[in-house]
Amino acid sequence: MKLLAISGSLRKNSYNTLLLKAAAEHVNQDASVELFDLADIPFYNGDVDGDTKPVAVQALLDAIRHADGLLIATPEYNYSIPGVLKNALDWASRPAFNSVLRGKPTGIMSASMSTLGGARAQIHLRDVLAATLTPFYLAPDFALATSHQAFDDKGRLVDQGTRDFLQNYMAGFTQWVASQQVTSR
Ligand SMILES: Cc1cc2nc3c(=O)[nH]c(=O)nc-3n(C[C@H](O)[C@H](O)[C@H](O)COP(=O)(O)O)c2cc1C
């Protein structure tokens, strides 16, 4: 199983990116997790969204197309998802209702320094995914609260309970991805 991990943060020391790297270490041997960096994705512009796409956008579309599932970790910016992530999903969402996102099983995570762990951003992300016909894993939720205290200086999750929960989440998520009929193009 090939999973594509997308962080909604471009920050080098992003907690969301660290969370995805931790998730990659908590999947069983049948699954691999590749991280896609959104840094080179330009702002969506319908004038350049033709048969030929900007190079970074085409790379994103190809990576999504070839993945069995997506794993998105989003920061919460002003109670929503960052523009960086929304922009990437907007590119990936075309043609409407028939894009690479359609039918692509997707897990949603978040990490935030607040005690809510970015839960409000997850709600908005669910709405965006619904608009793109992207099925998302419903439960359990994975929201990493007080993320600035969650990792050691090597980027590893310090709390055993959190690592166990992540292990269970990834087991359930990958099982669900395997059960999905992928209908995207
Ligand atoms: C513009 C902006 C808005 C933010 N708004 C929220 C917010 O509404 N809720 C929240 O929990 N954290 C908010 N934060 C804090 C981020 O969750 C925090 O910076 C987090 O570490 C970003 O994720 P990252 O470490 O993956 O870059 C905001 C940060 C920025 C830069």
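Guide: Gladly, and let us begin with Gly117, which has a relative accessible area of 0%. Please keep in mind throughout that this is a predicted model.

Visitor: Why is Gly117 called buried?
Guide: The label buried is given under 20% relative accessible area. Gly117 has 0%, therefore it is buried. Its place is in the loop between strand 4 and helix 4.

Visitor: Which residues does Gly117 touch, leaving aside those up to four places away in sequence?
Guide: Gly117 touches Ser110, Ala111, Ser112, Ala143, Leu144 and Ala145. In each case heavy atoms lie within 4.5 Å, which is what contact means here. As for Pro75, it is 42 residues from Gly117 along the chain, and the two C-alpha atoms are separated by 8.5 Å.

Visitor: Ser112 is on that list. What makes Ser112 count as buried?
Guide: Its relative accessible area is 14%, so Ser112 is buried by the cut-off of under 20%. Ser112 lies in the loop between strand 4 and helix 4 (119-131). Beyond its neighbours within four places in sequence, Ser112 is in contact with Gly117, Gly118, Leu144, Ala145, Thr146 and Ser147.

Visitor: Which residues come nearest to the ligand?
Guide: There are 14 residues around the ligand, and Ser9, Arg11, Ser14, Asn16 and Ser112 come nearest. The shell divides into 5 nonpolar, 6 polar and 3 charged residues.

Visitor: What about Ser14: buried or exposed?
Guide: With a relative accessible area of 2%, Ser14 is buried, since the label applies under 20%. Ser14 lies in the loop between strand 1 (2-7) and helix 1 (15-24), and it touches Ser7 and Ser9 when residues up to four places away in sequence are set aside.

Visitor: What makes Ser14 a cap for helix 1?
Guide: A side-chain oxygen of Ser14 lies 3.1 Å from the backbone nitrogen of Asn16, at the N-terminal end of helix 1. That distance meets the cut-off of within 3.5 Å for a polar contact.

Visitor: Which elements do the buried residues of helix 3 pack against?
Guide: They pack against strand 1, helix 2, strand 3 and helix 4. The buried residues in question are Leu85, Asn87, Ala88, Leu89, Trp91 and Ala92.

Visitor: Why is Asp37 called exposed?
Guide: Exposed means over 50% relative accessible area. Asp37 has 56%, so it is exposed. Asp37 lies in the loop between strand 2 and helix 2 (55-66), and its side chain reaches the backbone nitrogen of Ala39 at 2.9 Å.

Visitor: Stepping back, how do you know that the chain agrees with a compact globule?
Guide: A compact globule of 185 residues would have a radius of gyration near 16 Å, and the chain has 16 Å, so the two agree. The C-alpha trace spans about 50 × 35 × 25 Å along its principal axes, and 48% of the residues count as buried.

Visitor: And what pattern does the chain follow along the sequence?
Guide: The pattern is β-α-β-α-β-α-β-α-β-α, with 5 helices and 5 strands in the chain. Among contacts with a separation of 6 or more, 77% come from residues 24 or more positions apart.

Notes
Residues numbered from 1 in each chain as written. Predicted model: local features only at pLDDT ≥ 70, side-chain atom pairs only at ≥ 80, totals over all residues. Heavy atoms only, no water. Near = heavy atom within 4 Å. Nonpolar A, V, L, I, M, F, W, Y, C, P; charged D, E, K, R; others polar. Helix = DSSP H or I, 4+ residues; strand = E, 2+ residues; numbered from the N terminus. Buried < 20%, exposed > 50% of the residue type's maximum accessible area, 1.4 Å probe, protein only. Rg over C-alpha atoms; globule rule 2.2 N^0.38 Å. Polar contact = N/O pair within 3.5 Å; in protein donor to acceptor, adjacent residues only side chain to side chain.
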